[in-house]
Amino acid sequence: MSIISKSAIATGDGKFIIDQVTLGDPLENEVLVKIKAAGICHTDYDSLSWGKPVLMGHEGAGIVTKVGSAVKNFTKGDQVILNWATPCMSCFQCQEGNQHICENNSPVVAGGNGYTPGHAHLEGTLWQGKPIERSFNLGTLSEYALVKESALVKVEHDNLNFSAASIISCGVMTGYGSVVNAAKLKAGSSVVVLGCGGVGLNVINACAISGAASILAVDVNPNKLELAKQFGATDVMLADKSDMGLSQLAIKVKLLFDGRGADYAFECTAIPSLGAAPLAMIRNAGTAVQVSGIEEKITIDMRLFEWDKIYINPLYGKCRPQIDFPKLMGLYKKGDLKLDQMITREYPLENLQQALDDMLQGKNAKGVIVFN
């Protein structure tokens, strides 16, 4: 039995419309989810220009409404977080424990943001009578989403704040995982975080949770620096846009950390010219982490690697959804993970344009679309 769902459709030419899609019943290993909340991030804006129609949205939380005949781990009424890195658990990388870069199902690694086996059957979602792809295998900017069972993590939480749960599955996981899973930050360490948007704030929060002794937040926006203090920053520095590569600021950063630099530096700006900046701010044998996912050619002075410095570029915080999401919800319940504080504003789907504009103008730490 089909369901009509109000959804955000990227038309492929830089625009989107709010329209109806028709969702069919789930196949054997698929699940139909009623979306309660969907986070907004820059990837959603990018999806407007992918050159094809796409059902938007890749962060979300909701309630299971139907399950396929072979689904064993979910039943109607379950609260779930949707996860775009749908592991197959059988490829080389999944067997290595790298579920976030699954060679078969990942929309980034295997599909270039297109169709992969991690995507529920295409004919299950129709727009204007034709199958339409779902962004990052999910399509959460919609009243309902048809997804693979592997895209879901169950949430055992009374009176769940679905808005808070919805943002775990991208920016929160990316920031937290980059600190804990990828950098394996040691308690008592010194840290620099470049960029205090949604991902940067989660990096700061994760560093604080991990016991970092000093956390320096850097941004060009004074308001974001004030916000960074609320998430655990012990020091802040206002950057100057004219400081190319933040080379002048790097001198100040090293002086702050005994003249040698910090133990760790995390780049969270997505500005290509700052891709090498964290290398200039860490000590010899320190670790630089490129969190924001820069995918352009940049020129790096190899002297920045002197000496014994490590530079890593993790995807999605090396997410293992069934392991990491429950940990994050546990930290949220405890009050350590600041999800509620992360959400600046909630919007109805009809105000998606306003949500995107606010994000691009830097007004929000995180905006969330909520559904009735």
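How do H4 and H5 lie relative to each other? Here are a few notes to get you started; keep in mind that this is a predicted model.

1. Let's take that helix pair. Helix H4 (residues 171-182) packs against helix H5 (residues 198-209) at an angle of about 45°, and their axes are 8 Å apart. H4 and H5 are therefore oblique to each other, and their crossing is right-handed.

2. Who touches whom here? On the H4 side you'll find Gly 171, Val 172, Thr 174, Gly 175, Tyr 176 and Val 179, and they meet Val 199, Asn 202, Val 203, Ala 206 and Cys 207 of H5. Sorted by type, the residues of this contact are seven nonpolar, four polar and no charged.

3. Now look for the open sheet of six strands: its order is E14-E13-E12-E15-E16-E17, and the pairing is parallel. Strand E14 (235-238) and strand E17 (310-312) form the edges, each pairing on one side only. On average, neighbouring strands of the sheet are turned by 15° against each other, direction ignored.

4. Last stop, a loop residue. His 121 sits between helix H2 (92-95) and strand E7 (125-127). Is His 121 buried or exposed? Its relative accessibility is 16%, so His 121 counts as buried. Setting aside neighbours within four places in sequence, His 121 is in contact with Asp 25, Leu 27, Glu 30, Arg 134 and Leu 146.

Key:
Residues are numbered from 1 along each chain as its sequence is written. This is a predicted model: local features need pLDDT of at least 70, side-chain atom pairs count only at pLDDT 80 or more; totals for chains, interfaces and linings use all residues. Side-chain values use heavy atoms; hydrogens and water are left out. Helices (H or I, at least four residues) and strands (E, at least two) are DSSP runs, numbered from the N terminus. Buried means under 20% relative accessible area, exposed over 50%, partly exposed in between (1.4 Å probe, protein chains only). Contact means heavy atoms within 4.5 Å. Two strands pair if DSSP finds at least two bridges between them. Axes are lines fitted to C-alpha atoms, for helices over the stretch in contact, and angles run from 0 to 180 degrees between N-to-C directions. Angles under 35 degrees count as roughly parallel, over 145 as roughly antiparallel, 65 to 115 as roughly perpendicular and the rest as oblique. A crossing is left-handed if the near helix is turned anticlockwise from the far one by less than a right angle, and right-handed if clockwise. Ala, Val, Leu, Ile, Met, Phe, Trp, Tyr, Cys and Pro count as nonpolar, Asp, Glu, Lys and Arg as charged, and the others, Gly among them, as polar.
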